[in-house]
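Good morning, and thank you for coming. Please look at the sequence and the structure on the screen, and I shall go from the whole chain down to single residues.

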Amino acid sequence: SELLGQDETQQLLDKVATRYPKLVSNLVPDLLPLSTVTQVLQNLLTESVPVKDMRNIIDALTAHAKENQDASHLTTLVRPKLGRLIVQPLVDDGGSLTVITLAPDLEKLLESSRGAGNGEHITLDPTLANSMIESLRSEAEKIQDMGQVATLVVSPTLRSWMSRFVRVRVPDLSVLSYTEIPDDQRINVQSSIGGEAAL
């Protein structure tokens with residue numbers, strides 16, 4: 001993400017424009033400034049999401065740019081379009097995605113703790129935060145010990161915050177939202193954490 005600036009973004013758009021000129025001209029600068037498109041691509045790259053499917057990224061941005069100009073929110077709306085690309089590196093040799101989920105009461109508690117606006121900020125009790133991190137770390141290690149990639153699946157409204165919350169503390173844990181997993185993807189739920197911690 002640090003290597004991608006506005007010049008690089010423009011080059012990517014120019015490349016797509018050779019095949020789909022209308023698609024690109026409709027987006028920049030009519031709907032979004034180049035800086036916002038750059039920020040969305042940087043957000044994707046920060047979480048190791050490849051940006052090679054520029055056509056779908058542009059499609060999603062074009063569809064949602066009129067209702068929202070915020071790069072973080074737009075990133076959340078783009079990710080489901082890239083679901084297969086995101087999930088592909090996370091599945092095991094048998095094609096299954098091994099996931100950790102949050103217990104419904106914990107997810108509800110986090111939802112209710114979201115700040116105003118688009119909920120990018122959640123205020124958590126430190127004891128609960130530590131308990132969540134320990135549980136996630138422990139479950140992620142179990143999955144990794146089986147030679148698989150640990151993935152946490154949460155609601156779309158929590159995904160962005162949860163990803164930032166675990167990034168430093170449990171760096172090997174990928175965070176997806178339900179909407180990013182293709183309908184035909186086989187899922188193996190390893191565990192659901194946090195039920196008792198939230199009470």
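Read along the sequence, the protein chain has the pattern α-α-α-α-α-α-β-α-α-β-α-β-β. Counted up, that is 9 helices and 4 strands. Please keep in mind that what we see is a predicted model.

Of the 199 residues, 45% are buried. The accessible surface of the chain is about 10300 Å², and carbon and sulfur atoms account for 50% of that surface. Let us also consider contacts between residues at least 6 apart in sequence: 73% of them join residues at least 24 apart.

I turn now to one pair of helices. Two packed helices are described by the angle between their axes and the distance between the axes. Helix α7, residues 104-112, packs against helix α9, residues 156-167, at an angle of about 80°, and their axes are 10 Å apart. An angle from 65 to 115 degrees counts as roughly perpendicular, and therefore α7 is roughly perpendicular to α9. On the α7 side, the contact is made by E107, L110 and E111; on the α9 side, by T157, L158, W161 and M162. By class, this contact has 4 nonpolar, 1 polar and 2 charged residues.

R79 is found in the loop between α5 (71-78) and α6 (83-87). Is R79 buried or exposed? Its relative accessible area is 2%, and buried means under 20%, so R79 is buried. Leaving aside neighbours within four places in sequence, R79 is in contact with L44, E47, V49, I86, R159, V175, L176 and E180.

S48 lies in the loop between α3 and α4 (54-64). With a relative accessibility of 65%, S48 counts as exposed. Phi of S48 is near 60°, which is a positive value in a residue other than glycine.

Finally, P29 has its place in the loop between α2 (21-27) and α3 (34-46). What kind of peptide bond joins V28 and P29? The bond is cis, with omega at about 0°.

Thank you for your attention.

Definitions and conventions
Residues numbered from 1 in each chain as written. Predicted model: local features only at pLDDT ≥ 70, side-chain atom pairs only at ≥ 80, totals over all residues. Heavy atoms only, no water. Axes fitted to C-alpha atoms, helices over the stretch in contact; angles between N-to-C directions. Helix = DSSP H or I, 4+ residues; strand = E, 2+ residues; numbered from the N terminus. Parallel < 35°, antiparallel > 145°, perpendicular 65-115°, else oblique. Contact = heavy atoms within 4.5 Å. Nonpolar A, V, L, I, M, F, W, Y, C, P; charged D, E, K, R; others polar. Buried < 20%, exposed > 50% of the residue type's maximum accessible area, 1.4 Å probe, protein only. Areas by Shrake-Rupley, 256 points an atom, 1.4 Å probe, with all protein chains shown as cover.
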